[in-house]
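Dear colleague,

Please find below the structure that I am handing over to you. A summary of the findings follows it.

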Amino acid sequence: LAATFAIYADPERLAERMPTLGQLARPLADITGAAERVVPRLAERLGETWMVATAECLSQIGSGALPVESLPSRAITITPAAPGKRGTGTVLKRLAAAFARLPRPVIGRIQDDRLVLDLRCLDDEAAFIAQLTEFELGRR
């Protein structure tokens, strides 16, 4: 208990020493900035077959007794550029799986016919962008 109090006694380093608290307290402006920097690089890597944009979202926090609490956040959304919905779910599942296979797995959710990557917990933009060179979707 004393060690925990010691961590809280140094508020300037609290987010650094307790990463989860840092992510929960992360300012929306920081998350939005990350989205705006990452979207062009991701769009370039995915090519013309995908539309990449930013969108407002809610980050779910807690579990167990408090699974419905949420915080405003910003997400990258990825949608197939081809019109029509035939096969959209399958294509998005493949895209999500390709992100999960990266050296540092990226986990998103499929919602409203798009892959949503909430950026609240993106703590290393450079590493995320660097690993995009290893991104392979495979056959559609």
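The protein chain carries 18 positive and 17 negative side chains, and the centres of the two sets lie 9 Å apart. Here Lys and Arg count as positive and Asp and Glu as negative, while His and the chain ends are not counted; each charge is placed at NZ of Lys, CZ of Arg, CG of Asp or CD of Glu.

This is a predicted model, in which local features need pLDDT of at least 70 and side-chain atom pairs count only at pLDDT 80 or more, whereas totals for chains, interfaces and linings use all residues. Residues are numbered from 1 along each chain as its sequence is written, and side-chain values use heavy atoms, with hydrogens and water left out.

Six helices and four strands make up the secondary structure of the protein chain, in the order α-α-α-α-β-β-α-β-β-α along the sequence. Helices (H or I, at least four residues) and strands (E, at least two) are DSSP runs, numbered from the N terminus. The C-alpha trace spans about 55 × 35 × 25 Å along its principal axes.

Of the 140 residues, 31% count as buried (under 20% relative accessible area; exposed is over 50% and partly exposed in between, with a 1.4 Å probe and protein chains only).

Two residues deserve mention. Most residues other than glycine have a negative phi. Aspartate 112, however, has a phi near 55°, and aspartate 113 has a positive phi of about 60°. Aspartate 112 is exposed, at 60% relative accessible area, and aspartate 113 is partly exposed, at 33%.

With kind regards
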